[in-house]
Amino acid sequence: MMTGTPIASNVWMAYLLTIFLVVTGFAVYDILYRRVPDKALAFFIPLAALAPLIQACSILENGRTPIFVWPIVVKALAGALLGFCIPLAAALATGGSGMGGGDIKFCGILGLVYGPSGMALIFLVAAGFAMPVVLLYRRLLRDKQPIAIPFLPFLACGCSAATLAELFL
């Protein structure tokens, strides 16, 4: 007899927690150095690309036909496109002062893992946490100039919400 919340796959849960730890590492680096290194992103891409493969293996293990694998791949690619295009549009709308290139690339990579609905949740939570911080920071400095804050910690908050939603909803 099992009690508690059932998890579909222990491998998927371990993978999502690993992704969250990597995102947390990126967030700490962004806080300390105010940048997202391209070399680290290059190592993060293969880890993120494992998401559709792990989900596909889980489906094939359960005896389903391989036709169910394509929606997983499409979901991952759509998430990557959404994760890249929305921050890119925000950066272009603000003239490049809103979001840096490392954040844009990072969001695209995250889209491979979380898909379009997960990225929407990540952006919603990140914006919800970042907005009060920016308003408070501008209020304390009494400055009307655009300010630059590291955005990856807020994306990490969004990733925690998306990970919990992926595992338990």
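Mentor: Start with the term helix: here it is a DSSP run of H or I with at least four residues, numbered from the N terminus. The model is predicted. In it, Asp 103 belongs to helix H4, which covers residues 101–141.

Trainee: How is a pair of packed helices described, and at what angle do the axes of H2 and H3 cross?

Mentor: Two packed helices are described by the angle between their axes and the distance between the axes. For helix H2 (residues 38–61) and helix H3 (residues 70–93), the axes come within 9 Å and cross at roughly 160 degrees. Angles over 145 degrees count as roughly antiparallel, so H2 is roughly antiparallel to H3. The crossing is right-handed. On the H2 side, Pro 52, Gln 55, Ala 56 and Ile 59 make the contact; H3 supplies Ile 72, Lys 75 and Ala 76.

Trainee: How many salt bridges does the structure hold?

Mentor: Side chains of opposite charge can pair when their charged atoms come close. The structure holds one salt bridge. It joins the side chains of Lys 105 and Asp 38, at 2.6 Å from N to O. Lys 105 is in helix H4 and Asp 38 in helix H2, so the pair ties together parts 67 residues apart in sequence. Lys 105 is partly exposed at 35% relative accessibility, and Asp 38 is partly exposed at 47%.

Definitions and conventions. Residues are numbered from 1 along each chain as its sequence is written. This is a predicted model: local features need pLDDT of at least 70, side-chain atom pairs count only at pLDDT 80 or more; totals for chains, interfaces and linings use all residues. Side-chain values use heavy atoms; hydrogens and water are left out. Helices (H or I, at least four residues) and strands (E, at least two) are DSSP runs, numbered from the N terminus. Axes are lines fitted to C-alpha atoms, for helices over the stretch in contact, and angles run from 0 to 180 degrees between N-to-C directions. Angles under 35 degrees count as roughly parallel, over 145 as roughly antiparallel, 65 to 115 as roughly perpendicular and the rest as oblique. A crossing is left-handed if the near helix is turned anticlockwise from the far one by less than a right angle, and right-handed if clockwise. Contact means heavy atoms within 4.5 Å. A salt bridge is a side-chain nitrogen of Lys or Arg within 4 Å of a carboxyl oxygen of Asp or Glu. Buried means under 20% relative accessible area, exposed over 50%, partly exposed in between (1.4 Å probe, protein chains only).
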